[in-house]
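Have the structure open as you read along.

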Amino acid sequence: MPTLTKLYTMEEASQHNTKDDCWVVIDGKVYDVTPYLDEHPGGDDVVLAATGEDATDDFEDAGHSKSAKELMQNFYIGELDTSAPIIPELEIASKKETANYSRNLMDLTKQYWAVPVAIVGISVVAGFIYLRKK
């Protein structure tokens, strides 16, 4: 008797992208790897970076062993619904991100103010030396 498999869209899977709730999609299968994050030999940040997209290539490129592939079955929760249209999301900068960008720019400006001041200072000194020799 066939078993019913839960279908998830990529949008649903991509919403589970935190350390407390992490799903990955590999070979069209959806895995809830939340309980395994702390045990993952590559660190949880590697797994978290693979959320929200098909992580098959990343998984294969890492050269996982046969035992790692068998271990994945413990975290299997369903299949990727391939009939659902994949709509690319546009990134829209929020006001908070813009504020962060402005703040970072100001921090860099404050941090590296000495370089332009040194260039102007050297130019002024070089100009005075050139004019004195004339």
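A residue counts as exposed when its relative accessible area is over 50%, as buried when that area is under 20%, and as partly exposed in between. The model here is a predicted one, so every label below is applied to a prediction.

Q: Why is Asp27 called exposed?
A: Its relative accessibility is 52%. The label asks for over 50%, so Asp27 counts as exposed.

Q: Where does Asp27 lie, and what is its phi?
A: Asp27 lies in the loop between E3 and E4. Its phi is positive, about 55 degrees, although Asp27 is not a glycine. E3 and E4 form a hairpin with two residues between them, and Asp27 is in that turn.

Q: What makes E3 and E4 a pair of strands?
A: Pairing needs at least two bridges. E3 and E4 are joined over four bridges in the antiparallel sense, so they meet the requirement. Within this pair, Val25 stands opposite Val30 in E4.

Q: How do you know that E4 pairs with E5 as well?
A: Three bridges join E4 to E5, and the two run antiparallel.

Q: Why is Phe75 called buried?
A: Phe75 has a relative accessible area of 14%. The limit for buried is under 20%, so the word applies to Phe75.

Q: Is His40 buried or exposed, and what makes it so?
A: The relative accessible area of His40 is 16%. With the limit at under 20%, His40 is therefore buried. His40 is found in the loop between E4 and H2. Leaving aside neighbours within four places in sequence, His40 is in contact with Val47 and His64.

Q: Why is Asn17 called partly exposed?
A: The value for Asn17 is 39% relative accessible area. Asn17 is found in strand E2, residues 17–18. Neighbours within four places aside, Asn17 touches Leu48 and Thr51. Asn17 and Thr34 are 17 residues apart in sequence, with their C-alpha atoms 9.5 Å apart in space.

Q: Why is the pair of Tyr8 and Trp23 called edge-to-face?
A: The ring centres of Tyr8 and Trp23 are 4.9 Å apart and the planes are at 70 degrees. Tyr8 lies in strand E1 (residues 7–8) and Trp23 in strand E3, so the pair ties together parts that are 15 residues apart in sequence. Both residues are buried.

Q: What makes the pair of Tyr36 and Phe75 tilted?
A: Their ring centres lie 5.5 Å apart, with the planes at 45 degrees. An angle under 30 degrees would be stacked and one over 60 edge-to-face, so the pair is tilted. This pair links distant parts of the chain, 39 residues apart: Tyr36 is in the loop between strand E4 and helix H2, and Phe75 is in the loop between helix H4 and strand E5. The structure holds three aromatic pairs.

Q: How do you know that a charge sits over the ring of Tyr8?
A: The charged end of Lys6 is 5.2 Å from the centre of that ring. The distance limit is within 6 Å, alongside a limit of 35 degrees from the ring normal, and Lys6 is listed as sitting over the ring.

Q: Which residues have the most contacts inside the largest nonpolar core?
A: They are Val24, Ile26, Tyr31, Val33 and Val47, in a core of 13 residues. Strand E3 (residues 21–26) gives the largest share, three residues. A second, separate core has seven residues, including Tyr8, Ala13, Val25 and Val30.

Q: Which span is annotated as a transmembrane region, and how much of that span is helix?
A: The unreviewed UniProt entry gives this annotation to residues 112–131. In the model, that span is 90% helix and 0% strand, with its end C-alpha atoms 30 Å apart.

Terms used: Residues are numbered from 1 along each chain as its sequence is written. This is a predicted model: local features need pLDDT of at least 70, side-chain atom pairs count only at pLDDT 80 or more; totals for chains, interfaces and linings use all residues. Side-chain values use heavy atoms; hydrogens and water are left out. A nonpolar core is a set of buried Ala, Val, Leu, Ile, Met, Phe, Trp, Tyr and Cys residues joined through side-chain atoms within 4.5 Å. Buried means under 20% relative accessible area, exposed over 50%, partly exposed in between (1.4 Å probe, protein chains only). Rings of Phe, Tyr and Trp (its six-membered ring) pair if their centres lie within 6.5 Å; planes under 30 degrees apart count as stacked, over 60 as edge-to-face and the rest as tilted. UniProt positions are given in the numbering used here, feature names are shortened, and annotations may be inferred rather than shown by experiment. Contact means heavy atoms within 4.5 Å.
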